[in-house]
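User: I have a chain here that I'd like to go through with you. Can we start with what counts as buried?

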Amino acid sequence: MSTSTDEPKAFSVQNVFYCDSSISKVLTVDWIRGNSNRVFHNPGSMALSSSMAKKFFNTDDVVGQSIMFNSNAGPHTYLITGVFADIPPNSHLKIDYLLSNEVLVKMIFQQISRYILFQRICLVLFILPLF
């Protein structure tokens, strides 16, 4: 993961969840910056906990900054549209990042497309020598 500050930084991250604006109907999230109705309005938007914002940017006033996540599906850049208060430590959910689920769907389709393309290439490679 890297941030949109002047000097790129790389971090390993955990506690990443994909969701949409209905997250506040299921989970109580105290918003410090942004609000649940607008945070996940656009694909590629995300929110992060106050402690993660301070870790990466030294402030929780980070709305408008971007973060790039590198995953098995490739790099994806997210626009920070909200910051939420840290989830209490006695919660069974450990959430540091909330990412728009529209990107998750896109990543799944990319992986499926790569798999299908790989299968077709293998099929051609195995069939061609028979002719």
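Analyst: Buried means under 20% relative accessible area. Keep in mind that this is a predicted model.

User: Fine. Is Y97 buried or exposed, then?

Analyst: Y97 has a relative accessibility of 1%, so it counts as buried.

User: Which ring does Y97 pair with, and how?

Analyst: With F69. The ring centres are 5.7 Å apart and the planes stand at 85°, so the pair is edge-to-face. F69 belongs to strand β5 (residues 66-71) and Y97 to strand β7 (residues 97-100), and the pair links distant parts of the chain, 28 residues apart.

User: And F69, buried or exposed?

Analyst: Buried, at a relative accessible area of 10%.

User: Which residues make up the aromatic cluster?

Analyst: F56, F69, Y78 and Y97 form one cluster.

User: How many aromatic pairs are there in the whole structure?

Analyst: A search turns up five. Among them is W31 with F84, an edge-to-face pair with 6.1 Å from centre to centre and 85° between the planes. That pair also links distant parts of the chain: W31 sits in strand β3 (residues 31-33) and F84 in strand β6 (residues 74-84), 53 residues apart.

User: What is the relative accessible area of F84?

Analyst: 0%, so F84 is buried.

User: Back to F56 for a moment. Which residues of helix α3 are buried?

Analyst: Helix α3 covers residues 50-57, and S50, M52, A53, F56 and F57 are buried in it. Viewed down the axis of α3, the buried residues fall within an arc of 160°, so they line one face of the helix.

User: Why would residues three or four places apart point the same way?

Analyst: An α-helix has 3.6 residues a turn, so residues at that spacing point the same way.

User: What follows α3?

Analyst: N58, and its phi is positive, near 65°.

User: What lies 3.0 Å from a polar atom of its side chain?

Analyst: The backbone oxygen of V39 lies at that distance from the S45 side-chain atom.

User: And which residues does S45 touch, leaving out those up to four places away in sequence?

Analyst: With those left out, S45 touches V39, F40, Y78, L79, T81, L99 and S100. Y78 is also one of the residues in the aromatic cluster with F56, F69 and Y97.

Definitions and conventions: Residues are numbered from 1 along each chain as its sequence is written. This is a predicted model: local features need pLDDT of at least 70, side-chain atom pairs count only at pLDDT 80 or more; totals for chains, interfaces and linings use all residues. Side-chain values use heavy atoms; hydrogens and water are left out. Buried means under 20% relative accessible area, exposed over 50%, partly exposed in between (1.4 Å probe, protein chains only). Helices (H or I, at least four residues) and strands (E, at least two) are DSSP runs, numbered from the N terminus. The arc is that of the directions from the helix axis to the C-beta atoms. A polar contact is a pair of N or O atoms within 3.5 Å; within protein, one must be able to donate a hydrogen and the other to accept it, and residues adjacent in sequence count only if both atoms are side-chain atoms. Contact means heavy atoms within 4.5 Å. Rings of Phe, Tyr and Trp (its six-membered ring) pair if their centres lie within 6.5 Å; planes under 30 degrees apart count as stacked, over 60 as edge-to-face and the rest as tilted.
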